[in-house]
Amino acid sequence: MTATLAETGRPDFGPDEVDALVDDLLALLGPRGVSTLDRALDRASRDGSGMSPILSARRPLGRPHAVCYPKTARQVPQIVRAAVRRGVPITARGKGTGNYGQVVPRFGGLVMDMTSLAGIRAMTDTAVTAEAGARMINLEQAAWDAGRQLWMYPSTAQSTLGGFLAGGSAGTGTIVHGRNHMGFVESVDVVYAHEDAELVHLEGEAAQPMVHTYGVAGIIVSATVRVEPLQDWRCVYASFDSHYDAFPAALCVADIEPKPRLLSADCATVVAALPDDPALAPGRASVRGIVDADALEENIAVLTAAGGRIEAVRDGLAQTMRLSTLSYNHPTWWLQKAVPDTYFHMECQGDALVTRLREVEDVYEGGMLHLEVGHRTMFGMINGVYRSPQQVYAGVPVLEALGVRVHSPHQSYVDLDADRVRALARSTDPNGLLNPGRWR
């Protein structure tokens with residue numbers, strides 16, 4: 001390994017090191033705990049990055065040499081110690097539902113599949129503690145059973161806690177609580193890539209640097225995240241003649257107290273691509289919200305006064321989960337499924353998504369905005385007809401000139417406070433073995 005590996009690049013390892021590591025893991029985990037079979041390696045090479053035509057054109061983004069499946073938290077530092085000893089890179093993986101290629105092992109090595117670490121350890125009035133492989137939908141169900149709710153969960157509710165913390169950002173609950181690095185995490189147990197690796201417990205402010213770092217500074221093994229008293233939620237579906245009426249109506253609903261847990265809006269073309277549902281009226285734009293029952297009448301009044309027609313009001317956990325899966329990146333996914341090999345998307349933020357909607361849509365050919373109400377601002381996915389990477393990136397300064405902040409879903413680099421994360425990783429991963437290749 002070179003002295004500057006953590007800074008510059010590619011781990012220096014070969015077949016002998018991989019074979020030796022596989023032998024180590026077989027002794028530690030048994031024959032069912034490690035695999036070099038093609039089907040296992042192929043599965044660990046995929047995530048949701050197929051949504052990006054730019055990333056898709058670069059496939060394969062990476063392929064591991066081996067996959068292991070820890071069954072207990074205590075096995076994770078043992079696996080890491082073995083990998084560090086052999087100089088083989090390690091990429092931790094949950095359900096692989098991210099859209100950026102961040103869990104595809106760029107330089108191969110070992111993928112550590114965390115999905116068997118799925119235990120929910122404790123529930124209090126203010127927090128739930130669970131292992132990294134616990135699915136967010138199961139955590140929300142456990143919280144509801146205890147009369148609580150998660151502060152937030154991602155639109156892909158089947159994703160894992162560790163995956164959401166390491167690679168996700170926002171979702172249902174973000175309107176009130178912000179993104180998942182803004183107080184959601186109470187503590188984490190992590191493993192650093194050290195020769196004497198052990199579980200390290202971090203609380204409060206010390207835990208926050210592990211959030212949204214793609215696992216380059218430490219592998220999250222378990223976490224304690226915040227819950228709050230369960231509210232009586234209603235899922236409201238409203239339709240509009242035009243999304244130019246629907247989007248401003250969503251902006252008005254966002255100000256109603258108690259604030260909605262989720263609020264999404266789409267034009268009629270995107271609505272037509274969503275799964276069939278009588279609440280999604282053909283040929284009409286849609287506003288969908290998870291709203292507090294105490295504010296239901298006011299929400300309905302605002303929507304109808306803006307020209308909306310209430311199509312359905314539903315309740316229960318299953319219905320809130322269903323509505324959640326029609327938010328954030330999912331409408332783009334459905335649009336791409338309905339019209340294959342046509343659309344790309346860019347993630348956007350700012351009130352200009354509503355106040356300058358027509359101009360935003362005109363930036364890209366066939367421009368259609370999916371709108372999400374966020375924490376004190378608007379989020380959106382601007383969908384356009386894909387021509388080339390140059391065309392995609394040429395739109396960024398135009399959007400920015402309109403007052404829109406842009407995040408590209410076509411890259412897998414650490415993009416949140418990257419300088420701080422890099423500095424942290426120098427001490428937690430001195431040999432650059434944790435999910436390498438994530439720096440610009």
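1. A residue is called buried when its relative accessible area is under 20%, exposed when over 50%, and partly exposed in between, using a 1.4 Å probe and protein chains only. By that rule F164, at 3% relative accessibility, counts as buried, and F184, at 0%, counts as buried too.

2. This is a predicted model, in which local features need pLDDT of at least 70 and side-chain atom pairs count only at pLDDT 80 or more, while totals for chains, interfaces and linings use all residues. Residues are numbered from 1 along each chain as its sequence is written, and side-chain values use heavy atoms, with hydrogens and water left out.

3. Rings of Phe, Tyr and Trp (its six-membered ring) pair if their centres lie within 6.5 Å, and planes under 30 degrees apart count as stacked, over 60 as edge-to-face and the rest as tilted. The count comes to four aromatic pairs, among them F164 and F184, which are edge-to-face at 6.2 Å centre to centre with 65° between the planes. F164 lies in helix α7 and F184 in the loop between α8 and β8, so the pair ties together parts that are 20 residues apart in sequence; helices (H or I, at least four residues) and strands (E, at least two) are DSSP runs, numbered from the N terminus.

4. In helix α11 (residues 296-305), L296, N299 and L303 are buried. Seen down the axis of α11, these residues fall within an arc of 65°, so they line one face of the helix, the arc being that of the directions from the helix axis to the C-beta atoms. The face turned away from that buried side carries the exposed residues E297 and A305.
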